[in-house]
Amino acid sequence: MFHALADPTRRAMVRQLASGQQTVTELARPYEMSLAAASKHLKVLEGAGLMTRIVQGRSHRCSLDPRPLAQALAWLRSYSDFWDERLDVLDELLSTRAARKDLNERD
């Protein structure tokens with residue numbers, strides 16, 4: 001999923017899909033790319049589980065599947081707590097060192 005979202009065009013397509021179902025043509029319209037190129041981007045998003053595609057004749061309708069995003073957010077939050085704790089310890093250590101340096105400079 002992170003690989004799929006690493007590309008700015010695919011991130012923008014996910015934002016477009018957040019507003020509702022769209023065709024490949026609608027998703028490709030804001031970019032200077034062929035439908036084949038847009039379809040390649042969409043296949044990456046599909047492979048990551050971020051979207052589904054319904055084929056009706058020649059029309060491909062795409063929809064966002066937000067579940068992988070929710071799972072990624074939960075995973076990132078667990079690391080956020082870890083790093084918040086680590087950075088608090090670092091802040092305390094640096095404050096203590098700065099206070100000691102101030103005392104040593106006064107002596």
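Mentor: What follows goes from the helix pair to one of its residues and then to the salt bridges.

This is a predicted model, and in it the axes of helix 2, residues 8-18, and helix 4, residues 35-47, come within 10 Å and cross at roughly 75 degrees. Because angles of 65 to 115 degrees count as roughly perpendicular, helix 2 is described as roughly perpendicular to helix 4. On the side of helix 2 the contact is made by Thr9, Arg10, Met13 and Val14, while helix 4 contributes Ala38, His41, Leu42, Val44 and Leu45. Sorted by class, the residues of this contact are six nonpolar, two polar and one charged.

Val44, which lies in helix 4, deserves a separate look. Its relative accessible area is 28%, so Val44 counts as partly exposed, and, leaving aside residues up to four places away in sequence, Val44 touches His3, Ala4 and Arg10. Between Val44 and Leu17 there are 14 Å in space, C-alpha to C-alpha, and the two are 27 residues apart in sequence.

As for charged pairs, the structure holds two salt bridges. In one of them Glu46 pairs with Arg53, with 3.2 Å between the closest N and O atoms; Glu46 is partly exposed at a relative accessible area of 31%, whereas Arg53, at 18%, is buried. Arg67 forms a salt bridge with Asp65, where the closest N and O atoms are 2.6 Å apart, and here Arg67 is exposed at 59% relative accessibility, while Asp65 is buried at 12%.

Definitions and conventions: Residues numbered from 1 in each chain as written. Predicted model: local features only at pLDDT ≥ 70, side-chain atom pairs only at ≥ 80, totals over all residues. Heavy atoms only, no water. Axes fitted to C-alpha atoms, helices over the stretch in contact; angles between N-to-C directions. Helix = DSSP H or I, 4+ residues; strand = E, 2+ residues; numbered from the N terminus. Parallel < 35°, antiparallel > 145°, perpendicular 65-115°, else oblique. Contact = heavy atoms within 4.5 Å. Nonpolar A, V, L, I, M, F, W, Y, C, P; charged D, E, K, R; others polar. Buried < 20%, exposed > 50% of the residue type's maximum accessible area, 1.4 Å probe, protein only. Salt bridge = Lys/Arg side-chain N within 4 Å of Asp/Glu carboxyl O.
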